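Hi everyone, thanks for making time this morning. Let me put the structure up on the screen, and then we can walk through it together.

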Amino acid sequence: MASIFSKIVAGEIPSYKIAESDKYYAFLDINPLAAGHTLVIPKQEVDYFYDLDDDMLSGMIIFAKEIAQKMKAVTGCKKVATVVLGLEVAHAHIHLIPMNNESDVDFRREKLKLTPEEFQEIASKLKL
Ligand code: 5GP
């Protein structure tokens, strides 16, 4: 069965898209730690990040780089945290999170509740 993220790539589940290429897709995390929290995924459905082959792995970081650069410029954060973590969705993903303090990237923190309009506004600013 396709992962929830593959369904997002296929458009079967809606998402706030930030960027797309033939191999990768980026969209806003629906339970963000900070406004702009984005997930970068390979379209190829692989569970574990380090099971991606070298080309896919390095390409994913390069794909994420442009998103992170724009995220930093748009949000004015000090740095963009790049985190590979989590066991919930069995489809490799990188979390990109605007960061001003290390505590901004504490996944135990309560997530933001944003309205569809707020998600849409953030997505339109971050979109490549
Ligand atoms: P993890 O595997 O990193 O623990 O969790 C997966 C991440 O994907 C979580 O941060 C969660 O909020 C996000 N997520 C799970 N399902 C969806 C979804 O349907 N849409 C979006 N945009 N994000 C999701």
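Predicted model: local features only at pLDDT ≥ 70, side-chain atom pairs only at ≥ 80, totals over all residues.

Let's start with strand E2, residues 24-28. Is E2 enclosed or open to the outside? Five of its five residues are buried, so the strand is largely enclosed by the rest of the structure. As a reminder, in a regular strand the side chains alternate between the two faces of the sheet. Here both faces are covered: Tyr24, Ala26 and Leu28 are buried on one side, and Tyr25 and Phe27 are buried on the other.

Now for the neighbours. Strand E1, residues 17-20, pairs with E2 in the antiparallel sense over three bridges, and a hairpin of three residues joins E1 to E2. Within that pairing, Lys17 has Phe27 as its bridge partner. E2 also runs antiparallel to strand E3, residues 38-42, with five bridges between them. There, Tyr24 stands opposite Pro42.

On to the ligand, which sits in the largest pocket. What surrounds the ligand? There are 16 residues around it, and the closest are Leu28, Asp29, Leu85, His93 and His95. Helix H1, residues 4-9, and E2 each supply at least two residues of this shell, with H1 giving the most, three residues.

A polar side-chain atom of Asp29 lies 2.5 Å from an oxygen atom of the ligand. At Ile30, a backbone N or O atom is 3.4 Å from a ligand nitrogen atom. A polar backbone atom of Leu87 lies 3.5 Å from a ligand oxygen atom. Taken alone, the ligand exposes 510 Å², and the protein buries 86% of that.

Thanks, and I'm happy to take questions.

Conventions. Residues numbered from 1 in each chain as written. Heavy atoms only, no water. Buried < 20%, exposed > 50% of the residue type's maximum accessible area, 1.4 Å probe, protein only. Helix = DSSP H or I, 4+ residues; strand = E, 2+ residues; numbered from the N terminus. Pairing = 2+ DSSP bridges. Near = heavy atom within 4 Å. Polar contact = N/O pair within 3.5 Å; in protein donor to acceptor, adjacent residues only side chain to side chain. Areas by Shrake-Rupley, 256 points an atom, 1.4 Å probe, with all protein chains shown as cover. 1 Å grid on protein atoms, 1.4 Å probe; cavity = no way out; pocket = protein on both sides within 12 Å on 5 of 7 lines; lining within 4 Å. Sits in = over half its atoms within 2 Å of the grid points.
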